[in-house]
Amino acid sequence: MDRIVSGITEYKKNKYKVCMDDGTHLVLYKGEVRRYRLQEGQTVDEALYQELFYEVVGKRVKKRALALLEKMDRTEQGLYRKLAESEYPEELILDAIEYVKKYHYIDDYRYACTFIRYSQEKMSRLQLKMKLTQKGVPRDVIEKALEEEYSGEESAQIARLLEKRKFVAEEADEREFQRTYQYLLRRGFRSSDILKVMKAKPEF
């Protein structure tokens, strides 16, 4: 299917958005626009479009995905969101994600296990679930990772946080008590566990 270039507009530094009459668009470097002699009103045949789509932009999306994962571990959804920011076509984003998954560069279960392992001392089980859900990790993957990695005694976690805040029940007034209680609630701990630890008498 032939397409017609309906517009070429500056996108970002040294990049242009090449829009087609069928509503699709590709973000290309200035040098690529020159190399393929693209201009408004030009007819782009199917062979040229396929080359631009898969060979030029498609390879770039995969390289970008790998570069992002080199900087930090990401969830599948997190990587999708980051690639989508650059306005790559969805088909190419999904292809890139399948590519990195094939080589195990991205693994939501591994990500969740690592996150839980290093965060469980300062987060409750509920907060870990919420954080991983926000990062796009599927619920069943979160549950599996928690079963594998979570070993935190929530009462012990609460006690550590209270110690860090230098909270002493006998010395705290009502305002400080409520402020600390709300702080622990926001971190996802259960009210009964919080009150039990906060009201416990110190051991000597």
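Which backbone nitrogen lies 2.8 Å from a polar atom of the side chain of D108? I found that of E76; a polar contact is a pair of N or O atoms within 3.5 Å, where within protein one must be able to donate a hydrogen and the other to accept it, and residues adjacent in sequence count only if both atoms are side-chain atoms.

My ground rules: this is a predicted model, where local features need pLDDT of at least 70 and side-chain atom pairs count only at pLDDT 80 or more, while totals for chains, interfaces and linings use all residues. Residues are numbered from 1 along each chain as its sequence is written, and side-chain values use heavy atoms, leaving out hydrogens and water.

**Entry: D108**
I placed D108 in helix α5 (residues 108-119); helices are DSSP runs of H or I, at least four residues, numbered from the N terminus.

**Entry: rings**
I looked up Y49 and F53, which form a stacked aromatic pair, 5.8 Å centre to centre with 25° between the planes (ring centres within 6.5 Å; planes under 30 degrees apart are stacked, over 60 edge-to-face, the rest tilted). Y49 and F53 are separated by about one helical turn because they are four residues apart in helix α2 (residues 46-71). F53 also pairs edge-to-face with Y54, at 4.8 Å and 75°.

Key: Helix = DSSP H or I, 4+ residues; strand = E, 2+ residues; numbered from the N terminus. Phe/Tyr/Trp six-rings, centres within 6.5 Å; stacked < 30°, edge-to-face > 60°.
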